[in-house]
Amino acid sequence: MAIPSSTKSDKPMSNVPASVADVSAAKTQTKFRWKKVIELGYIESEAGNAANVENEEPVCFHCGKIANESESSKLSKCARCQVARIARGNAKRAGMLSLWKDCERIGIVEAFEMRSLSSSLVLVSNWKGGDGKVGHKFSCAAYKRVGDDMMIVFGDDKDSARQDILSRIRFYAYPYAVHKSQSTGRGLLFVQSDSSLAVLSLPTPILSNGRRMTKQRSVLLHWLTMQEFGSEVCMDDFELASVRNELKEAVETYDKKVEVPVLMRFRCGHVAVGIAPLVPDFKLCTVLGNEYGQGDGALQLNIDDM
């Protein structure tokens, strides 16, 4: 669409709550409501940010080294997600008894499968993270969702992936939506990305094979009225006209004080229409929208800078 865009990659201001739990709206019963999901089946080109590395040989998630014949650099898979790999040299071997005692103490299993008869389990050295790094504990479920093939298969997993993405960008996306709706009227938040749903849903820019993505992940946001959706979006991509009725219903019925209608489109052809809970709440979104000084055009968010 011929709409000018501005880029926002700064971190949220210090007065922005650090988590949903810090926002009063999180205590409401409002939930995500997905009205329609379609798969357009786009074919990814080599320009995609995962296409040129996702088929390469797996490497250790901790050090990035390729497995070889030496005992210390053979790779073992995470017992929980069955995706992340770690070289034995980067793991702390532990006996079954001491491992499970520790797991009971912290309430989580930190085990990695071993392909060795001498030790069946291993503790991940960077499970909890630290030194500015995100530990595998916080991304394990996301890697289980995308699997080795970097594809999300089940509908519930796709729902949770979209919700994770929206939750990650909420402190910019929702204030932008509220700000725009106050000046242009009822409409929808159009979220699109040149990354696939699977790639964008990962907490860090690391693929299932342990290799770093080669391209910055980003989303482009537009606030559109239904008239703009028909005259601009559907003219460029007629296939999106198939969700017009669901969008129209969402735009006409949502409660602007607690919800925002969303249309999400990804490089892989995954498209979803729904109504998302407004977190942070309407009052805070109004304040943040004004403080961010949103321009008249679209808003681009660089996911890996947030």
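This is a predicted model: local features need pLDDT of at least 70, side-chain atom pairs count only at pLDDT 80 or more; totals for chains, interfaces and linings use all residues.

Modeller: Residues are numbered from 1 along each chain as its sequence is written, and side-chain values use heavy atoms, with hydrogens and water left out.

Biologist: How many helices and strands are there in the protein chain?

Modeller: Helices (H or I, at least four residues) and strands (E, at least two) are taken as DSSP runs and numbered from the N terminus. Counted in that way, the protein chain has seven helices and 14 strands.

Biologist: What percentage of the residues of the protein chain count as buried?

Modeller: A residue is buried when its relative accessible area is under 20%, exposed when over 50%, and partly exposed in between, using a 1.4 Å probe and protein chains only. For the 306 residues of the protein chain, the buried share is 50%.

Biologist: How are helix 5 and helix 6 oriented to each other, roughly parallel or roughly antiparallel?

Modeller: Helix 5 (residues 226–236) packs against helix 6 (residues 244–253) at an angle of about 155°, with axes 11 Å apart; axes are lines fitted to C-alpha atoms over the stretch in contact, and angles run from 0 to 180 degrees between N-to-C directions. Angles under 35 degrees count as roughly parallel, over 145 as roughly antiparallel, 65 to 115 as roughly perpendicular and the rest as oblique. Helix 5 and helix 6 are therefore roughly antiparallel.

Biologist: Which residues in helix 6 are met by Met226, Phe229, Gly230 and Cys234 in helix 5?

Modeller: Contact here means heavy atoms within 4.5 Å. By that criterion, the four residues in helix 5 meet, in helix 6, Arg244, Leu247, Lys248 and Val251.

Biologist: At what angle do helix 3 and helix 7 pack?

Modeller: Helix 3 (residues 155–184) and helix 7 (residues 282–292) have their axes 8 Å apart. Helix 3 is roughly perpendicular to helix 7, and the angle is about 85°.

Biologist: Which residue in strand 14 is the bridge partner of Val219?

Modeller: Strands pair if DSSP finds at least two bridges between them, and strand 11 (residues 218–224) is joined by four bridges to strand 14 (residues 298–302), the two running antiparallel. Strand 11 also pairs with strand 10 (residues 188–192) in the antiparallel sense over five bridges. In strand 14, the partner of Val219 is Leu301.
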